[in-house]
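These are my notebook entries on one protein model. I record what I looked up, entry by entry.

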Amino acid sequence: MASLVIVESPTKARTIRDFLPRGYTVAASMGHIRDLPDKAADIPPKYKGEDWARLGVNVDNDFEPLYVVPADKKKIVKELKDALKDVNELILATDEDREGESISWHLREVLAPKVKVKRMVFHEITREAIREALETTRAVDDKLVRAQETRRILDRLYGYTLSPLLWKKIAYGLSAGRVQSVAVRLLVLRERERRAFRAAVYWDLKAHLNHAKQDFDAELIALKGKRIATGKDFDEKTGKLAEGKDVVLLNEGEATKLRERLLKKPWAVSASEEKPGLRRPAAPFITSTLQQEANRKLRLSARETMRVAQNLYENGYITYMRTDSVNLSNQAITASRECVERLYGKDYLPPKPRYYTAKNTHAQEAHEAIRPAGSHFRTPDETKLTGREYDVYELIWKRTVACQMPDARVTSLVVTLDVDDATFRASGKRIDFPGFLRAYVEGSDDPEAALEDQEVLLPHLEVGDRPVCKEIDALSHETQPPARFTEASLVRELEADGIGRPSTYASIIGTIVERGYVQKQGQALVPTFTAFAVTGLLEQHFPNLVDLKFTAKMEDQLDEIAEGTAEWLPYLKQFYLGKEGLRKQVESREKKIDPADARMVAVNGLEDATVRIGRFGPYVEVERGGETLRASIPKDAAPADLTMEQVEEILRQKREGPDILGHHPDTAEPILVLTGQYGPYVQLGAVSDENPKPKRSSLPKGMKPEEVTLDIAVGLLALPRLLGLHSDGGKIFAGQGRFGPYIVHDKGKDGKDYRSLKGEDQVLTVKLERALDLLAQPKLGRGRRAAPTPLKELGPHPEDKAPVALYDGQYGPYVKHGTVSASIPKGSDPASVTLAQAVDLLNAKRGREPFKRAPKARKAAPKRAAKAKAKG
């Protein structure tokens, strides 16, 4: 019997084809083969005269959707129909979530097969999973299809009803969306908080002490029994101490005098406490947590993370990547525990498996967490993956293995010290047993290095001990505004508020960036003035539609429809046609919205200037002597940071023209300093008919226009500059691009090798020798750091002759032997540490982890952070 299996993509088709028996043909639908009309040209002629046709939903006929096959899908539909002619059954094998169910339903409806139709679902593409899925086929789930269709109709009604209003009142091309508009509002609310923020300055003391030949630090926490003010004690809107805070606020003079007084006084330990605690491993990845961690560790956007994860799934490396469930199958738990015992030893294998449950009561996207595929987990190196695919797989592999490892045992060390009428506190941390941290540390790429960095050791101190004070620093602190959202923190916030579903977050964030509501500054998501205008209009005239609780309730109601506990049609009627439905809201309020008011952005602190949205973007407007002055606002200007001084400079340049810095020494052309949409830059010559596009160069990050000299400008305009030749004859240049300054080795036909310039390396001054040094260093993937290089080889360990080496970690120097590391006591000179001293430190650490001879290297162990560990 011949069977036709339809999946969404050619990649998935190629992978699944190898696991099917003879007689099965696999074809790809290339995603959805039909949808609501995207543009007027897609509407069939017989519907073009209907008022509802552009909406794509006949709201007066029980919200009947108008589905069309786009022009670019008609060839695919024909090919699929032709393929159906020679088979006895059709198997729809699209993804197992609502979207996949919807694709299968559309395929069934459009292809109208006359043979038996089966629905096949699986959450990983392995031989075992595919063969099992073939034995357990079912019918298309109409309940899931209806739930997805309701979401699609609801989003169409929301977007196609509100977006035209934004075009009329603010600017053409803007869009509104059920989740999109709430996400933008979250960013705007945070930016408003930053604008309203007022910084506060406070002082405290930090003491550098020594006891038993070991240095340690302590911070001032109280004076005369009253707590010292910290950042959390201030009102963010006033910069003053919050009401009701009974604390001591030190200024510079008071802190300096207190320092001088305490330097002469004796110190004594008044309390010493050790608090044992546990750190539990995080649950395996779901869609949202994978997006967050990939953004933090690998600097990948949510959209890029999902693209890579989709490739990994379709090629059989991981399970399905759109899921709300943290559950692991028994097969996956067994595979994880096998990895733990094989790579880390029995000491790291808990007696019982760990089970996780989802916090989201409506979790439904798939029935298992994201994990490596199969009954045996391939280590990252065994996959032969490269680049981002390797990085994302490694992230998933580590998280899955770590979730089946024991808790980390950590002891917090707290020592209280009294000196005269002041109280200081020293804090430390000791890792007694790393547990799961041996495999996975959130926010770190190298678990071994992270363990070494996390320990902060203190000398043994008891009540009555009298450490010696070597120095006291008077330190100034300034409170910071609320941090802007990153993709990771925005995803976390949306999920916590119940807004949207994780499978949609990547496309939502991509949309708000592409539509000009958000721009990225590094990892930060900065809302634009256009976002402020749109959010202001929606808040004022349609507050429910951007209310967090209202939107979360909508999400819950849609989930209830999917679960069959609520009806879809009454819900759509109430939302769109009800007494307070969307259509009536727009009809009644459209005439009340003045476009001039809608295009004006209220910016706190710019009382003498008005920000408006124009055809070409935001601009500032000021009334001076009966005259209205206007000038465009630079595109990268953040609403929270725009000051009247910047406004005056923008207007001055508009009024007086650009500053002429000087003339180029070779051509005598004027060099201008200008500020444009993307910030300040220098330009060679003026724009003219003969020179419509004069050479330009942006100022290096952090450089202000007033700091630019003629020499700097000439150098910037000369970029990229030739530094010299590589030993292979290739040219080496220094230049400045979209992602900052860089050096590049031009290898001709073999391509180009780039390195970023950071820190003290400047694009205008870097020399050939330094460029060669940088090019000789291994090129790191985004978010990955190189394996630590020893500062010094101390010699072979006396017990197993394995090397003992000295390293420099993020929080100080440490020695390492095999998989065991020990911090160098603070105050000790790392350069003077001997092999004997290192062995003593390592033995002290092994008092908590008995020393065992390191096993022979295992070929299967991954190269980076998943190397085979000795039990010690």
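This is a predicted model: local features need pLDDT of at least 70, side-chain atom pairs count only at pLDDT 80 or more; totals for chains, interfaces and linings use all residues.

**Entry 1**

Phe 529 itself has its place in helix α16.

Is Phe 529 buried or exposed? I looked up its relative accessible area, which is 3%. Buried means under 20%, so Phe 529 counts as buried.

I also looked up the separation of Phe 529 from Val 26. The two are 503 residues apart in sequence, and their C-alpha atoms are 49 Å apart in space.

I next looked up what helix α16 lies across. Helix α16 covers residues 529-541 and lies across β16, β17 (610-614) and β18. It runs at about 90° to β17.

These strands belong to an open sheet of four, with the order β16-β17-β18-β19 and antiparallel pairing. Which strands stand at the edges? They are β16 (600-601) and β19 (627-632). Each has a single partner strand, so one side of each is left without a neighbour in the sheet.

I then followed one pairing in detail. Strand β18 (residues 617-624) is joined to β19 by six bridges, and the two run antiparallel. Tyr 619 has Ser 632 in β19 as its bridge partner.

A further helix, α21 (residues 644-656), lies across β18 and β19. Its direction is at about 100° to β19.

**Entry 1: a parallel sheet**

I turned to another open sheet. It has four strands in the order β2-β1-β5-β6, and their pairing is parallel. The edge strands are β2 (24-28) and β6 (116-119), each of which pairs on one side only. From one strand to the next, the twist averages 25°.

How many bridges join β5 to β6? I noted four, with β5 spanning residues 89-92 and the two strands running parallel. Leu 90 has Val 117 in β6 as its bridge partner.

I also noted helix α2 (residues 74-84), which lies across β1 (3-7), β2 and β5. It runs at about 155° to β1.

As a reminder to myself, side chains in a regular strand alternate between the two faces of the sheet.

**Entry 2: two helix pairs**

Two packed helices are described by the angle between their axes and the distance between the axes. I looked up both values for two pairs.

The crossing of α6 past α15 is right-handed. Gln 180, Ala 183, Val 184 and Leu 187 in α6 meet Ile 508, Thr 511 and Ile 512 in α15. This contact has five nonpolar, two polar and no charged residues.

**Entry 5**

I finished with a run of paired strands. Strand β24 (residues 721-725) is joined by four bridges to strand β25 (residues 731-737), and they run antiparallel. Leu 722 stands opposite Phe 733 in β25. β24 and β25 form a hairpin with five residues between them, and Gly 729 in the turn has a positive phi of about 90°.

β25 also pairs with β26 in the antiparallel sense, over six bridges. Here Gln 736 has Pro 741 in β26 as its bridge partner.

Why is β26 largely enclosed by the rest of the structure? Strand β26 (residues 740-746) has seven residues and five of them are buried, so it is largely enclosed.

β26 pairs in turn with strand β27 (residues 752-756), in the antiparallel sense and over five bridges. His 745 has Asp 753 in β27 as its bridge partner. β26 and β27 form a hairpin with five residues between them, and in the turn Gly 748 has a positive phi of about 70°.

Methods:
Residues are numbered from 1 along each chain as its sequence is written. Side-chain values use heavy atoms; hydrogens and water are left out. Two strands pair if DSSP finds at least two bridges between them. Axes are lines fitted to C-alpha atoms, for helices over the stretch in contact, and angles run from 0 to 180 degrees between N-to-C directions. Contact means heavy atoms within 4.5 Å. A crossing is left-handed if the near helix is turned anticlockwise from the far one by less than a right angle, and right-handed if clockwise. Ala, Val, Leu, Ile, Met, Phe, Trp, Tyr, Cys and Pro count as nonpolar, Asp, Glu, Lys and Arg as charged, and the others, Gly among them, as polar. Buried means under 20% relative accessible area, exposed over 50%, partly exposed in between (1.4 Å probe, protein chains only).
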